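Biologist: I am new to this structure and would be grateful for a guided introduction. May we proceed by question and answer?

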Amino acid sequence: MFDAIQGVKKTEQELFEELAEFDKPFLVVLNKIDLVKDPNKIFGLYEPLGYRVLYTSAENGKGLKQFKAQ
């Protein structure tokens with residue numbers, strides 16, 4: 001889980017690359033999406049890198065209902 005208002009930093013990119021080496025699926029969760037001034041800029045950052053991304057706000061629950069555990 002990462003802070004959506006900070007964007008993709010070098011440390012996150014390195015972590016993603018390490019996780020990809022395991023050849024197992026993983027999920028990126030971006031919290032604080034409600035604080036991002038222009039969410040459209042954030043929405044396009046991670047998917048082109050090949051990561052499945054969920055966007056949420058822990059404070060107000062935005063985005064949580066659409067991603068129920070299965």
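Modeller: Lys32 is placed in the loop between S2 and helix H2 (39-46); helices (H or I, at least four residues) and strands (E, at least two) are DSSP runs, numbered from the N terminus. This is a predicted model, in which local features need pLDDT of at least 70, side-chain atom pairs count only at pLDDT 80 or more, and totals for chains, interfaces and linings use all residues. Residues are numbered from 1 along each chain as its sequence is written, and side-chain values use heavy atoms, with hydrogens and water left out.

Biologist: Where does Asp23 lie, and what is its relative accessibility?

Modeller: Asp23 is not a glycine, but has a positive phi of about 55 degrees. Asp23 belongs to the loop between H1 and S2. Asp23 counts as exposed because its relative accessibility is 69%.

Biologist: How many aromatic pairs are there?

Modeller: Rings of Phe, Tyr and Trp (its six-membered ring) pair if their centres lie within 6.5 Å; planes under 30 degrees apart count as stacked, over 60 as edge-to-face and the rest as tilted. By this rule, the count is two aromatic pairs.

Biologist: Of what kind is the pair of Phe2 and Phe16?

Modeller: Phe2 is in strand S1 (residues 2-3) and Phe16 in helix H1 (residues 10-20), 14 residues apart. Both Phe2 and Phe16 are buried. Their ring centres are 5.5 Å apart and their planes stand at 85 degrees, so the pair is edge-to-face.

Biologist: Of what kind is the pair of Phe16 and Phe26?

Modeller: The ring centres of Phe16 and Phe26 are 6.5 Å apart, with planes at 20 degrees, so this pair is stacked. Phe16 lies in helix H1 and Phe26 in the loop between H1 and strand S2 (27-31), so the pair ties together parts 10 residues apart in sequence.

Biologist: How many residues has the largest nonpolar core?

Modeller: A nonpolar core is a set of buried Ala, Val, Leu, Ile, Met, Phe, Trp, Tyr and Cys residues joined through side-chain atoms within 4.5 Å. The largest includes Phe2, Ala4 and Phe16, and its count is 11 residues.

Note on methods: Buried means under 20% relative accessible area, exposed over 50%, partly exposed in between (1.4 Å probe, protein chains only).
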